[in-house]
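Reader: Could you take me through one part of this model closely? I would like to hear about a single chain and the way it meets its neighbour.

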Amino acid sequence: MEETKLTSKQFLNELTAKHYDGALQAKAEGKPVAWAVSISPQELFETLDMHVVYPENHAAAIGARKEAMKFIDHAEGIGYSADICSYARINMAYTDIPHAEAQDIPLPDVVLCSANICTTVMKWWENLAKKLRVPLVFIDTPFNHTYEVPDHAVEYLRGQFESAIKQLEDFSGKRFDFDKLGEVMKLSNATCQWWKAATDLAQFTPSPLNGFDMFNYMAIMVCMRGNADGHKLFKLWYEELLAKKEAGLGPWSSAEEKYRIMWDGIACWPHLSTTFKTLKKYGINMVTSTYPESWNVRYETNDLTGMARAYTVNYANRNLDFGTDYLKKLVDQFNLDGVLYHSNRSCKLMDFRQYEVRRRVEAMTGIPTTMFDGDQTDPRSFSEAQYETRVQGLVEMMDKRKAAGR
Amino acid sequence: MFLGIDIGSSSSKVALMNDKKELVATAVVNKGTGTDGVHSALEQAFLKAGITKEDVQFSVVTGYGRVTYKDADKQITELTCHAKGVAYLIPGARTIVDIGGQDAKVIKLNEKGEMINFGMNEKCAAGTGRFLEVMARVLGCGLGDLSDLAQKSDKTVSISSVCTVFAESEVISQLATGETPANVARGAHVSVSKRVAGMCNRVGVEPTVVMTGGVALNADMVRCLSNELSSPVTAAPNCQAVGAIGASVAAYETFMARREQ
Amino acid sequence: MSDYKELIAELVAAAETPAKTIKKSMEDTGKKAIGCFPLHIPEEIIYACNYLPVGMWGGKTDLKLCDTYMQSFCCTIMRANLEYGMKGTYNFLSGIVMNAMCDTLKCVCEDWKIAVPQVPIIPVVYAQQRKSEEGIEYMKAEFKRVRHALEKLEGRMVMDRDVENAYEMYEDYRAAMRDFDATCVNYPITMDAYTRHLVIKAGFFMDKAVYKEKIKAITAGLKAQAPEKFDGIRVIATGLLSEPNEVLNIFKENNIAIVGDDLAQESRLWRTPGRDIKGSVWEKMALRMADQRGDCFLYEPDKQRGEMMIEMCKARSAKAVVVFMMKFCDPEEFDYPIYKKELDDAGVPHLYLEVDQMIDSFEQIRTRIQAFAEQF
């Protein structure tokens, strides 16, 4: 098959296979493998040509494959509370039972943690380091309770990047090539730009993008935004979506986009198809979430301080005023009819601000919103009946608003 | 004569043991703490044994009602009593699973039949008898009918919710989409078994596994638990009275130890 | 010498009635009060700004208002603090200081600004890279930022010298607490689980300069007595805090004494002394945090907590560890499987109690504690 005929979807699958096969192969050859948190400064790992696997991606795949309970039961058996993050429970269990139908991954020789998505990952990665007796490279990103990031926090991060480079040099026995870092930084920025441009095409009505696809492409944004493959994928995806948009096509061939909503929070992986089909049944397209921006990690090439700042301004690490403004912007830019909030049992950092954000966004924009109970990978915390009722309620409110001509 | 009394949340149990450590009589009354259930059970047991209250040399009370019951010589927990009761009835047992109305327990015994570790469910009702009661209600059958019903199943309906309220709506929608009550009943048993198995894993399971409490009368439940644990599970004889029997053993042992001193 | 017994009774009573004790402390010292949320708070700075730092560790109350801001699967200390704030219970405070050390605290920090606007909040974010140069520089800057915020609140300048003096006083207080804690090991009857906890807790509602002298007098009083013969079970407590108090009374009923702790509300706050160095007070404060070990809220890749507890059991002849697991506390829940395995491997039994501050019925907990005691 000629490369030009490859669709982005096919390429996505190829890259996923390549990513995991590469890591398994490396391990088999005795090369070190790392595990890292999703929004990590991958630029540093990429510069050193490290094989990095992302447990959050892996846990999500296990959840989507409906085999989470095998791992969750084991984790709870060894003392993990059912109340902590289900990704963590699955991943900690995987270190004991290292086989999943969804995908096998090699156990790590070093673990890398960046806490900009939550403090939970700090605890989770500590446990990995202690249990597997491997070194931990940790980047602490202080919570930004002020609207803007304080300078001393940026300085602190920059210092940690330098310490992490030293730690990675010691671990790999390689000298860190700053020229190469510059190249990786450039490529990473370019990939992020395509990712952002692609997801921004959903601003058009109808949106050429089905938001649930975004959940799938995101996995590659996590693990390949600093290399040529990732860059190529997101450019291709953009071009496809652009062509779709130019042709006036909506998200699905079998149904029309009637409502445009935002999904707040992580997907419900074990119930992905239920959550998707229920929305589609009512003509609801999830056109955006907070994720497009989360992986739009942008800075000036060769500016390590700028890169430090870029890694601490993630939505989850910023204050409520910022979060509210950001959501309001999404409502306007994406011409949203409603917001669906996922009260995710796994993610306390998202949950305990969600009520207030929801009230404020409703007040600022006037669009209806609803919330449902679920979990990113624990199938037990979701009720299909509750979900459908809430979605239906949202539709009724959106209809009322449309009828009122707003 | 040595008396053991177990006052639970929904039933009262009594056991009598003679000075040769032989079980003489047991009685179970389905009225728990705060009722006259314990008096009825005592009357029944005394009648069966042909003795009066005055013949009791030492008595031990256990169960949730143990703290408020004042007429016994000593009170100890139902965990220790279940351990003693099972060790008496089934020597060599190493793991006990007791599923009661409000809580479920797993008790680990050493080779001498002494309790060395235990686990109990958290506040949530999943994995307890209460969960089965809710399921029986949704299925429109009695709690005692669940076992027969489940044994007619041809597959297991998955009930994934941990929350009893969610599970209830899950089951209702499954029945609405045509699942048979038999398959749902089996699903409920598997669901409770999974929760209990999780608790067992935290404590560590060793054979022989013995099940006590009223839920042990549910043969299908015993089989489901056995599957989840990948280990044979034996239902204790006189399963509802095991705590009371253990209390009578404790009464016997305490009395003998004191006499020796 | 019965003085020390009176002092014990005085502190127990003080801890049983926090509102009254705080009011009295404010009147006696003429100071305004600043509330300190759980975990490490730079109290020295608050004290140097002439405020009375008081502890805010939740409490039993009907939870209604806080549900406006958070789901029910949130730790009850945080829910209770927000509830009290929204009810106006904390209106007497000039402000609060909160350390965003876990995901829940980060959210509560944001929610507080909106839910309790009448009580200003000064958030503080400690570095988790506590030992590195950049971490220490950050901490120094963060401490100074807190001073600045307090200066603005109080409307007066606070010199480094003032903070240095407050730090010295706090070092003396922490040393007094360590001595008290080590002494209690020999007096498990006088300092039973309930009494020990309340004597320690009283410090959250008093001026530390006053409180530490009382603690020193109690320690001296105890030391003058012969060590107590105790036939019960000695245990070590771990977790966030050993409440509700009813649970401690059940320990007492079952002849179980807490002879040492690894609790966030107790020794984690004072077990680490400052270094004897020349540097600035800011550096000393940062280094004292750098030297903390085995605290689940502070980054520690080699997780020494289990080892430390096993050591403490040996050193204090404790037979077991009691885990007070605050329901929904992620950092505590993440540590448990790790130290559970270490305790199991070392043959140290532990009792796991899942607790929250709103417990009404203690029957199941009573059964667990009693059954645990029956094992020995």
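Author: Happy to! Two residues are in contact here if their C-beta atoms, placed from the backbone, lie within 7 Å. Keep in mind that this is a predicted model. Let us take chain B and the place where it touches chain C.

By that criterion, the contact draws on eleven residues of chain B and nine residues of chain C. On the chain B side, α2 (78-89) and β8 (115-120) each supply at least two residues. Sorted by class, that side of chain B holds six nonpolar, two polar and three charged residues.

Now for the chain that carries this surface. Chain B is built from eight helices and ten strands. Its radius of gyration is 19 Å, close to the 18 Å that the globule rule gives for 261 residues, so chain B is as compact as a globular protein of that length. The C-alpha trace of chain B spans about 65 × 40 × 30 Å along its principal axes. Of the 261 residues in chain B, 56% are buried. Contacts within the chain tell you about its fold too: among those in chain B between residues at least 6 apart in sequence, 68% join residues at least 24 apart.

Chain C, the partner of chain B in this contact, also touches chain A, with 43 residues from chain C and 38 residues from chain A taking part. There, α5 (103-115), α6 (133-154) and α14 (330-345) of chain C each give two or more residues, and α5(C) gives the most, with nine residues. The chain C side of that contact divides into 23 nonpolar, seven polar and 13 charged residues.

Note on methods. Residues are numbered from 1 along each chain as its sequence is written. Chains are lettered from A and ligands numbered from 1 in the order in which they are written. This is a predicted model: local features need pLDDT of at least 70, side-chain atom pairs count only at pLDDT 80 or more; totals for chains, interfaces and linings use all residues. Helices (H or I, at least four residues) and strands (E, at least two) are DSSP runs, numbered from the N terminus. Ala, Val, Leu, Ile, Met, Phe, Trp, Tyr, Cys and Pro count as nonpolar, Asp, Glu, Lys and Arg as charged, and the others, Gly among them, as polar. The radius of gyration is taken over C-alpha atoms; the globule rule is 2.2 Å times the number of residues to the power 0.38. A residue is buried if 20 or more other C-beta atoms lie within 10 Å of its own, exposed if 12 or fewer, and partly exposed in between; C-beta atoms are placed from the backbone.
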